[in-house]
Every structure is written in C-alpha cells, then in structure tokens.
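Here is a short note for someone opening this model for the first time. Please read it with the structure in view.

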Amino acid sequence: MNSIKSVPARVLSRRPGHSLEAEREQFDKTQAISISKAINTQEAPVKEKHARRIILGTHHEKGAFTFWSYAIGLPLPSSSILSWKFCHVLHKVLRDGHPNVLHDCQRHRSNIREIGDLWGHLHDRYGQLVNVYTKLLLTKISFHLKHPQFPAGLEVTDEVLEKTAGTDVNNIFQLTVEMFDYMDCELRLSESVFRQLNTAIAVSQMSSGQCRLAPLIQVIQDCSHLYHYSVKLMFKLHACLPADTLQGHRDRFHEQFHSLRNFFRRASDMLYFKRLIQIPRLPEGPPNFLRASALAEHIKPVVVIPEEAPEDEEPENLIEISTGPPAGEPAVVADLFEQTFGPPNGSLKDDRDVQIETLKREVETLRAELEKIRLEAQRYVSQLKGQVNALEAELEEQRKQKQKALVDNEQLRHELAQLQAAQREEKASAVEARYHKLKEKHSELIGTHAELLRKNADTAKQLTVTQQSQEEVARVKEQLVFQMEQVKREAEVKLEEQSDLLEKLRKELEAKAGELARAQEALTRTEQSGSELSSRLDTLSAEKAALSSAVQRRDADLLAAQGLVREKEAALSCERQRSSQERAELRGQLAGKESQEQELRRRLLDQQFEVLRGTAAEAERILQDAVAKLDDPLHLRCTSSPDYLVSRAQAALDAVSALEKGHAQYLVSRSDASVLVAALTQFSYLAADTIVNGGATSHLAPTDPADRLVDSCRECGARALELMGQLQEQQTLPQAQPSLVRTPLQGILQLGQELKPKSLDVHQEELGAMVDKEMAATSAAIEDAVRRIEDMMNKARHASSGVKLEVNERILNSCTDLMKAIRLLVTTSTSLQKEIVESGRGAATQQEFYAKNSRWTEGLISASKAVGWGATQLVESADRVVLHTGKYEELIVCSHEIAASTAQLVAASKVKADKRSPHLSRLQECSRSVNEMAANVVASTQSGQEQIEERDTMDFSGLSLIKLKKEEMETQVRVLELEKTLEAERVRLGMLRRQHYMLAGAVGTPGVEDLGRPRAAACSGASKKPPLAQKPSVAPRQDHQLDKKDGVYSAQLVNY
C-alpha cells in the first residue's frame, strides 16, 4: 500500500495560524490516510468509507486542493492498478464532491491526460482501461465546464433541461451531439471492462473482477441520466427539423440504445451489482422519434443506491439460534376430544371469508382495468376519427386545387389558340417574338403541371398515413380482444378455483358429520361408565349445539358466497356483451374505412390517368407545331448547325430511354404516373426541338442530305404523334412502344454526323503533340525575327545616314520592342496552358486532355500559328521598308495583324483559366504591353513616312481659267476612279474575310445572324469608311458552351 508520509508544502502554506492549525493538521492527516487507503496497489475495489471521507473533505474545504496536493505525489506511472483506482476515486469526487472540485480538476487536466497517454502506449490490461477512463474524465470535465447548468452528478429537472437547450435549434443540435459524445465515452469504458472480464474468465465475486467492476456503478448512474436527456432532446429536435436531416442522429442513438441496454442487462445478471445498485430496465426497442406522441410513453430510468450498513460494525446473525427441546423428546399428545372435533372455535381461521374478500378485490381490479381499457379504446377511436376527417378535408382541398388548375389550364390553352390565330394574321417580322412568348406559356404550363404532380405526391403520402392509422386501429382492436380473452380466462380460472374450494368444504363438512356420529356412539358407550362423566357429557352437549349453530352459519355464508358469484357472473356476461357490441361497431367502422380507401384509390388512379392524358395531349400539340414548321415558309430563314442538331438528337434518344422506363413503371403501378409524365414532357420538348433544328439544318445542307434529313424529321414526328395518341387511351396504353421513335432519331443523328465539318489535316490524337510543337515553333519564329531585325539595324547603320538612318532606327527599335513583348506573351501563355492542363486533366494524360478539349486545342494551335506568321510578315515588311522596296502601309497592316493574332492567343488561353490565376494576370499585362508596342510601331512608321516623303508645293498661279477647269475635271475623274477602286477593294476584302472565316472553322454552318452580317457590311461600306484591315480575333469557347448556341463556333485549325 502506498502511504503519504508528509504533508505537501503547498498545503502547509495555506494553513491559517494559531487557533486553526491543530484542526487543519488533523484534517490533512485524515485526508492523507483516506487517500492512501483508497488509492493503493491492491487489486481490490475501493472501500466506500474511504471514498466518502475524501468527498466530505472536499465539502469541508470547498474544493479539491488537498486531494490534488496528495494525488500529485502518488507514483501513478509505476502501477496501472494504482492509476485505475485513482481514476475511480476522481470520478466519485467529481460526481459527489463540492462544485468547486470541477475547476480544481480543470487545472490538472494535463496530469490526467499524461497518465492516460502513458498507459495507452503500454501493453497492460489495467493500462488500457486507464487510457479509456482518463478520456471519459476529460470529456466529463469539459462538458460540465461548458454547461454549468448540469452538475457533475447529471441530475437536473426537465425544466432546467428545457431552459439549457433553449429555443435555438443550433444550440439544441450541438447539445445533443455533446450528449452523444459523453455517452460514447461511458459505453466505451463499460465495453472495455466486460471485454477484459470475458478474457480473464473472471467472475464478479473475485476481488480482481470487483476491482474492475466497481467504477461501473458511477457509469450506470451517468448513463441513466444521459439516456433520459438524449431522448428529450431528440424529440425536441424532431419537432424543429425534418426527419431526413436527423437520420444520422437517429442511427447514432439507436446504436447507443442497444449498447446501453446490453450493458444494463449484463450488469443486472452479476451478483456484485445486485447488492450495491438497482439497475433500471430499458424498453425492448428505442423510442419512435417520428411520432411525437411517443414522448408520453417514455419512462425515465431511475437508478437506486440502497443504504448500506456501516462497514466497521459486525454484521448481525441472519439465522437466530435458540435452544429448543432435544430431537429425541416425544411430542405432547393432544386431548381425545380435541383430536376428534378439532381445535376450539376461537382458534379456527375462516379461510372462506378471506378467499371471498380476495375474489371481490380481484373482480373490482379487473373491472377498473376493463373500464380503463374501454376509455383508452374510445379515446384512440376518437383520435383516429379526427385524423380521418382532417385527411378527408385535405383531400377535398387538393381536389379543389386540381379543378382550379384544370380550369387555368383550359384558359391557357384558349389563350394559346388565340395567340396562334393572331400569329397567322400578323406580319412576318413578329413571328419570332410570338414564338418566344408561346415558349414562355409552355414553361408556365410545365411549372403548373409539376406543381400538380407535387400535390399528387402529397395526396399519396397522406393516403399512406391514413393506411397506417387504420393499421394502428386494427392493432388496438386486437389488443382489446386479447385483453378481453385474458380477463375471461382469469375469471374462469377463479370460478373453477372457487368451485373446487366449495367442494372441499362440503367434503370436510361430511367428514365432521361422520366424526360427530362416531362421537355420539362413543358418548353412548361412555354413559355406562357412571355419574363421573355426566358433567362432562353436559359440556359436550353444549359444545355440540355450538358446533351445529356454527355449521348452520357456515352454510348460510356459503349460500351468500354462491349468490355473490352468480352476480359476478351476470356482470361478467354484461361486460362480454358490451365488448362484443363495441367490436361489432369497430368492425363496421373498419369496413367503412376500407370502402373509403378503395374509393380513394380508384379516384387516385383516374386522376393519374387524367394527368397523363393531359400531358400526352399537350405533347401532341407541341409535336404537331414542330412538324408544321417543316412546311412553314417563314421557317426557311432559320438555320442551325449540324453539331447542335447532333446534341439535340442525342438528348432526344436519352429521353426515349427515360420514356421507356417510365412507361414500364406505370404499367406495373398505375397509382404513380409522375415518372412517365416527367419523361413524356422532356421527350416532347426534345423531340420537337430536334425536328425544328433538323429542318433548320437542312436549309444550308446539300440537296440530297437535306431531303433525307427532312424525311427523317417527318418520320420521327409521325411516330411520335402515333405514340402520343396511344398514350391518351387506356385500351392502347399497354400496347404503346416508345422504342419505335428511336429509329428515326438515330437516322437524324447519323445525318447530323455526316453534315458536321471535318478537321482539315489533324486528328484529335495528334492535337496534344501539335500544341507544344506550334508553341515552340512560334517562340522560334519570334526569336528568329528579333535576330533578323538586329541584322537589319546593323546593315541600315552602315548603308544609310541622316534622316533615313534616324527613321530606320526608330522603326526597327519599335519592331524589336514589339517582338520582345510578343515573346514574353508567348512564354506567359505557355505557362498558363501548363497550369490549365495540370489543374484540369485529373488522372488523364496531357495528350488525353488536349484530345478531350479538341476545340480549345485547335483554337490554341490556330492562334499560335497566326502569331508566328504575323511575326514573320512583320520582319519581311520591315526589311522591305528599310531597303525602300516596300510600303509603309504594309508595316502598319502587319502591326495590326500581329496585335490581333496575339489577342486571339490571349483569348484562347484565358477561356479555361482560373480567374484568380497569377499567370492569367501576367498574361493580361503582356497583352496590354503588346498593344502598346504595336501602337508604337504604327506611330513610328507614320512619323517616318511623313519625314521621308517629299510633299510638292501645288502652284496654280500660271494656269488660266480654262486650264484650271480642265485640271479640276481630270481630278474629279481620278477621284471617282479611286472611289470605285476603293469600293471594289472593300467588297474584295469582305469576301476574303468571309472565306478566311470558313477556312478557319469560325463558322461551321452560318445561322440567321451570320447571313445578315455580310449584307450589313456591304450596305454600310458605301456610306462609311471601313476600319483598317486586320485579322478578326474570335475567342474560342469551352465545349459545353459551344452546344448552347446555334451555328456559331470558335476558330479552329488554320493552314498557312
């Protein structure tokens, strides 16, 4: 045993002087003795008297300073048993000690944690338990410091729990999670203890087993309160949040419930706990939190600690040892008369009266229980009636809302017909606007239809709730029948027992009568004995008369008891009749509810088919409108691209699969048409969109493919309309085959694939390698351009001088700055592309990423080629200008061209880049620098041109009036010729640009907007001077964006 030999200095430093010193020393000595006896290395449980003295010491000094002063000096790392018993005593002190103990323990959290971590790393049985126990103690201290409303004993009223939880659902949620964590630590300790007991084959009566089991008493006390508080908080959470949100809470509670119930059951079976604690029993199943009324069925588990006798006193003898007669002593022989007639009247106990009274009390108890059952059944029936009435009212409200929605639908259809009639009378310019308005109306109808589907789902859910209520009524009825049968069997058993008792009494009476006859014969024989027996004979005669009167009274009591039994039987028969009537009424109500349920089910099926029929009719009108557009002359102006047609056809094929699945589900269960209606709505929209875009694509396709595409669209519309007609009739609904629409849709998809523009000379597998190749080629072209410009500058310095040398140096310096800015831009663009590939490719390779994003890759290749070509052209133009064999305008146009190409490269790079990327910011800065350098090239070129070109002074002083008029006319003729030439060059420039777009893949199939652009350019060219010719910059878009617009695509691969 570990003993504490001296008081720590910290304790001595807190002692008051003089008068209280002796008392304090005595207190310290008592605490030291109690702590040393409670916490020792013996494998035995902590004695209650020592733990009680330590707890009283904390109340005496209003804290645990003395306890911790001695506890710190204990050699806990040297013995796992010593650490285990220290944790046990600390748990008791926390639960039953002074409230300030909690704060003192908080200051020593590190000591507790160090002990647990130390033994957790060692392979020792008690060490593993100490590790788990310290985690529980730390969790307990943290919880009670965070929630001071809960004392360490965890015993609070429901009002305090409600006040602590509050009304904020977040606080309730957090408090519940902390309760679960607290409970997990408690259950983990109990499981660890039981696991070691099973491993060591220990029993609860051995000291080693009791040493491990002793702390579980505090665990049982904590778990009973935590379970009750968790149930309360879970019901409160389910009243505030939906059930799906709390699915994880319910699963965790169910797991803890089964573990706690198993723990209580195993502890109840151990003899060690039976004399120390009364463990409550938990119900068979966890509470049903989805039903709010289940809270009333919850019973708070109560743990009772019986009062123990002082351990210092000697236990009393349980068996009283007294002297008695020896075994061999013969018994006293009773008197002959007493043997013959039995004991006197005063000592005879009336068993029949006691049995009659017992039967009366049992009958009254049964009657009260039966009345209680009947009242509870009536209350359940009234509640179910109220629920049924509420559901019927809600169903009627849903029916009214559906009628209103149908009326609104009819009004919208009428308005749609009016809009279609007005559309035929309006001009061709309003066709597209009216089409958009009709699409908005259709969207509103779809929203209304979806709302009806949601309401229909709610009605089905309410019907399910009604069925559950009916099942609950049936269960209550079965319980009542079972209880009535049980009461009946108990009454029959009581009657049989009473009849047996009466028969036994009759036999005893007959035996007494025989004994009386024998006594009379003996009396006759004794009359001859003489006068000494005459007095005794008189006494016997008196006793005989008394016995006769007693027998008569017993007979009267027996008759009264029989009458009472008959009355009870009559009352029992009345109760049976009343119960049978109530059962008949319940059967009638149940039959009525079943008929109502069948009627509701029939109405539900009719409503589901009406919804399906309305949806099919609306889909049929949509498809008819789409097929009609194939022959509409106004639709000839609409065009679409094969890529968009392919995407629409593929989506329509997916919708056909969904339609087949929904049709099969509806044929299996016709009470739910939501899947089929949703699939039908999506199919009608996508099929109509495919037909319309197929016709629009045929307007720009060659004649033979266009005719085949229109025929496929017509076939698709015809089969889709046939399918819609079959879905509107119940007779043809099972024979409907949505798969018949798949064949024409596949034909449209194949034609769209054939009409798609093909790549010029590069396969998608080669795109990844070509990107790096083209970027490297561009960088090499720029480096070569810089070297050539430096060579040209050196040659110009040797070959020219004066103004020409100054102009040439300024132009070449600006070109060098431009090349350097372009080189920096290409380097930054390469870094940004690597960042895009690394962040977007995932587990794929770089080549696979480029092949997957082929459009973006082709745009990069096109832009990089344009930059390299522009740099080469700029160097050649500068060379010709320096050698005076070229024009300054060529240099200006090349500057604009290379600025546009770099802008295209920037746009292609930033399309997939992250907005917060530092490479993207540097790329934008480089783009602005390139624009500035290009502007410097143009400015230096223009200023050099002005310096070098000699302007002749126009002197008209020597001309006469006729010659001036002639010169004026010739000048006007030259101006007209130049304007005509300018107009022709503008038209040629427009055609060149359009051909460039087509070759670069900028326009796969021109749409409505693209057809109008050349005309607009041509019309505006006569009245306004066009801007300086430059290569247009079209930023490529991502793949998912390219499918959302008709006929417009980013620039693709360009061959130079």
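The points below go from the whole chain to single residues.

1. **Basis.** This is a predicted model, in which local features need pLDDT of at least 70, side-chain atom pairs count only at pLDDT 80 or more, and totals for chains, interfaces and linings use all residues. Residues are numbered from 1 along each chain as its sequence is written, and side-chain values use heavy atoms, with hydrogens and water left out.

2. **Whole chain.** The chain has 31 helices and zero strands. Helices (H or I, at least four residues) and strands (E, at least two) are DSSP runs, numbered from the N terminus. Of the 1056 residues, 39% count as buried. Buried means under 20% relative accessible area, exposed over 50%, and partly exposed in between (1.4 Å probe, protein chains only).

3. **Surface and contacts.** The accessible surface comes to about 59,900 Å². Carbon and sulfur atoms account for 54% of that surface. Areas come from the Shrake-Rupley method with a 1.4 Å probe; for residues, only the protein chains shown count as cover. Take the contacts between residues at least 6 apart in sequence: 81% of them join residues at least 24 apart. Contact means heavy atoms within 4.5 Å.

4. **Aromatic pairs.** How many aromatic pairs does the structure hold? There are 16 aromatic pairs. Rings of Phe, Tyr and Trp (its six-membered ring) pair if their centres lie within 6.5 Å; planes under 30 degrees apart count as stacked, over 60 as edge-to-face and the rest as tilted. Phe67 and Trp68 form an edge-to-face pair, because their ring centres are 5.8 Å apart and their planes stand at 75°. Both Phe67 and Trp68 are buried.

5. **A tilted pair between helices.** The rings of Phe143 and Tyr182 have centres 5.2 Å apart and planes at 55°, so this pair is tilted. The pair links distant parts of the chain. Phe143 sits in helix 8 (residues 125-146) and Tyr182 in helix 10 (residues 169-200), 39 residues apart. Phe143 is buried, at a relative accessible area of 5%. Tyr182 is buried too, at 0%.

6. **Cluster and charges over rings.** One aromatic cluster is formed by Phe180, Tyr227, Phe235, Phe253, Phe257 and Phe289. Two arginines deserve a look as well. Arg212 lies over the face of Tyr126, 4.4 Å from the ring centre. Arg266 lies over the face of Phe194, at 4.5 Å from the ring centre. A charge sits over a ring if NZ of Lys or CZ of Arg is within 6 Å of the ring centre and within 35 degrees of the ring normal.

7. **Helix 2.** Helix 2 (residues 21-38) has 18 residues. From its first C-alpha to its last it reaches 25 Å, close to the 26 Å expected at 1.5 Å a residue. The expected span is 1.5 Å times one less than the number of residues. The buried residues of helix 2 include Arg24, Phe27, Asp28 and Ile35.

8. **Cysteines.** A search of the whole structure finds zero disulfides. A disulfide is a pair of cysteine sulfur atoms within 2.5 Å. Cys815 counts as buried at 0% relative accessibility, and Cys185 counts as buried at 10%.

9. **His91.** His91 lies in helix 5 (residues 80-96). At 0% relative accessibility, His91 counts as buried. Leaving aside neighbours within four places in sequence, His91 is in contact with residues including Tyr133, Lys140, Gln218 and Asp222.

10. **Positive phi.** Lys62 has phi near 60°, a positive value in a residue other than glycine. Lys62 is found in the loop between helix 3 (48-61) and helix 4 (65-72). Leu154 has phi near 65°, also positive in a residue other than glycine. Leu154 is found in the loop between helix 8 and helix 9 (158-165). Is each one buried or exposed? Lys62 is exposed, at 55% relative accessible area, whereas Leu154 is buried, at 0%.

11. **Leu727.** Leu727 lies in helix 21 (residues 703-727). Leu727 is buried, with a relative accessible area of 2%. Leaving aside neighbours within four places in sequence, its contacts include Phe609, His663 and Leu733.
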